[in-house]
Amino acid sequence: MLTVEANDFVVASAREQRVEHVTVTPDASKALKRGTVLANAGGGKYAALTADNVAKAEVILAEDVEAGSADVVAAVYVSGDFVEEGLTVGKALTADAKLNLKNAGIYLVHGITA
């Protein structure tokens, strides 16, 4: 049985929700909020989705990251079940992006209410 807390995107399920720390290149103009889907930017770094990198979606930000120009180390979800509608994506997730997330161990679910 899948459950979710009110106003959250994390789903309690039998799959492990694993968190790791990665280097994130923040947006210089705005903070990145918990639940933001990040794309692999190469060189071991991750960045918010754009039209150019949406197919490289791999992880979900587990904590807020302040706006700025310097890279920061942040916690990200690398596996688990998540409510797609609760995520911050910036761009619509393409079929390639969803497949990348699934291959990484991130499963997106729909229609779950608190």
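**Contacts, cores and one proline**

Let's start with contacts. If you take the pairs in the chain that sit at least 6 apart in sequence, 66% of those contacts join residues at least 24 apart. Keep in mind that this is a predicted model.

Of the 114 residues in the chain, 38% are buried. The accessible surface is about 6200 Å², with 49% of that belonging to carbon and sulfur atoms.

Now, the inside. The largest nonpolar core has 15 residues, and the ones with the most contacts inside it are Val 37, Leu 49, Ala 57, Ile 60, Leu 93 and Leu 101. Who supplies it? Strands S4 (37-42), S6 (57-61) and S7 (72-83), plus helix H1 (95-104), each give at least two residues. S7 has the largest share, with three residues. Apart from that core there's another one, of eleven residues, including Leu 32, Leu 38, Val 65 and Val 76.

Last stop, Pro 26, which is in the loop between strand S3 (18-24) and S4. So is Pro 26 buried or exposed? The cut-off for buried is under 20% relative accessible area, and Pro 26 counts as buried because its relative accessibility is 8%. Leaving out residues up to four places away in sequence, Pro 26 touches Leu 32, Val 65, Glu 66, Gly 68, Ala 70, Asp 71 and Val 72. Take Asp 71: it's 45 residues from Pro 26 along the chain, yet their C-alpha atoms are separated by 6.4 Å.

Key. Residues are numbered from 1 along each chain as its sequence is written. This is a predicted model: local features need pLDDT of at least 70, side-chain atom pairs count only at pLDDT 80 or more; totals for chains, interfaces and linings use all residues. Side-chain values use heavy atoms; hydrogens and water are left out. A nonpolar core is a set of buried Ala, Val, Leu, Ile, Met, Phe, Trp, Tyr and Cys residues joined through side-chain atoms within 4.5 Å. Buried means under 20% relative accessible area, exposed over 50%, partly exposed in between (1.4 Å probe, protein chains only). Helices (H or I, at least four residues) and strands (E, at least two) are DSSP runs, numbered from the N terminus. Contact means heavy atoms within 4.5 Å. Accessible areas come from the Shrake-Rupley method with a 1.4 Å probe; for residues, only the protein chains shown count as cover.
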